[in-house]
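Subject: Helix packing model, handed over

Hello,

Here is the model we discussed. Please open it alongside this note; my findings follow below.

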Amino acid sequence: MSFWERLKTEASAEWRAYTEHPFTNGLADGSLADAAFRYYLAQDYLFLIEFARAYALSVYKSPKLADMREAASGLSAILDVEMNLHVKLCAGWGLSPSDLEQTPPPAAEMLAYTRYVLDAGMRGDLLALKVALAPCVIGYAEIAKRLAARPDADAATNPYRVWIAEYAGAPYQEVAAKAGAHLERLADLYATPAREAELIAIFREATRLETDFWEMGWRVGQRVE
């Protein structure tokens, strides 16, 4: 069993709650409230900015030049590719770049996860930081791939088909696959049996905080229905 599969197995309850959250199911069948998705998009813009900081930290935490290049590549992917795609997606929902810049104060759920990731990286090594990042980086690819297989995911009437296609598409799936391969290489080097419980605890908490991010948007949708 790979390190990634061991993490998911040990945090199976948290992983199911995250990957099968009602917010994601609402994306698949198009039933998610518009307000929930718009709020999520605005907070996710702030989230990407903070994630870029985490990738910048991973450059500093890298023990080898190859790891530094891997981290720099991830940072560039966020700043130069994913951020632009996100802004374009937001435009389709009536959120202009100026709207995003004037997003209301960061949600507590957004701050909780991103601060947790940064703290895990500051206190630990590169592997600990990558484990904290994994629920988002690799998890989104797995979630989107599952959603894309649902009957209504690509229906013309599903307003969320573009989001699903973006994360289920080959470019992002490749990003996630590279992140997974790097995680496995780091685990082979640094995930000793004595450390595994610590790393599982980080993964479990990061996954729980990611679930809270879905829940944040879901609650907004429930209030307007």
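The crossing of α2 and α8 is right-handed. Right-handed here means that the near helix is turned clockwise from the far one by less than a right angle, and left-handed means anticlockwise. Helix names follow DSSP runs of H or I, at least four residues long, numbered from the N terminus.

First, the ground rules. This is a predicted model, with residues numbered from 1 along each chain as its sequence is written. Local features need pLDDT of at least 70, side-chain atom pairs count only at pLDDT 80 or more, totals for chains, interfaces and linings use all residues, and side-chain values use heavy atoms, with hydrogens and water left out.

**Packing against α8**

Back to α2 and α8. Their axes are 10 Å apart, and the packing angle is about 60°. Axes are lines fitted to C-alpha atoms, for helices over the stretch in contact, and angles run from 0 to 180 degrees between N-to-C directions. The two helices are therefore oblique to each other. The classes are: under 35 degrees roughly parallel, over 145 roughly antiparallel, 65 to 115 roughly perpendicular, and the rest oblique. From α2, W15, Y18 and T19 take part. They meet P135, C136, G139, Y140, E142, I143 and R146 in α8. Contact means heavy atoms within 4.5 Å.

Next, α3 on α8. These axes lie 9 Å apart, at an angle of about 40°. That makes α3 oblique to α8. This crossing is right-handed. T24, N25, L27 and A28 in α3 meet I143, R146 and L147 in α8.

Then α1 on α8. The angle is about 85°, with the axes 12 Å apart. α1 and α8 are therefore roughly perpendicular to each other. F3, W4, L7 and K8 come from α1. Their partners in α8 are L127, V131, A134, I138 and E142.

**A28 in α3**

A28 is found in helix α3. Its relative accessible area is 1%, so A28 is buried. Buried means under 20% relative accessible area, exposed over 50%, and partly exposed in between, using a 1.4 Å probe and protein chains only. A28 touches L147, R150, D152, A153, N158 and I164, leaving aside residues up to four places away in sequence. A28 and A134 are 106 residues apart along the chain, and their C-alpha atoms are separated by 22 Å.

H21 sits in the loop between α2 (12-19) and α3 (22-29). H21 counts as buried because its relative accessibility is 5%. Its side chain makes a polar contact with the side chain of E215, at 2.6 Å. A polar contact is a pair of N or O atoms within 3.5 Å; within protein, one must be able to donate a hydrogen and the other to accept it, and residues adjacent in sequence count only if both atoms are side-chain atoms. Beyond four places in sequence, H21 touches R16, T211, W214, E215 and W218.

T211 belongs to helix α11. T211 is buried, at 13% relative accessible area. Its side chain reaches the backbone oxygen of T207 at 3.0 Å. With residues up to four places away not counted, T211 touches E14, A17, Y18 and H21.

**I202 in α11**

I202 is also placed in helix α11 (residues 193-224). At 9% relative accessibility, I202 counts as buried. Residues up to four places away aside, I202 touches Y116, A128, V131 and A132.

**Helix α10**

α10 covers residues 170-190. How far apart are its end C-alpha atoms? They are 30 Å apart, which agrees with the 30 Å that 21 residues should span at 1.5 Å a residue. The expected span is 1.5 Å times one less than the number of residues. The buried residues of α10 are Y172, A176, G180, H182, L183, E184, L186 and A187. What covers them includes α1 (3-10), α5 (65-91), α8 (126-148) and α9 (161-168).

**G74 in α5**

Last, G74, in helix α5. G74 counts as buried, at 15% relative accessibility. G74 and A52 are 22 residues apart along the chain, and their C-alpha atoms are separated by 8.4 Å.

Best wishes
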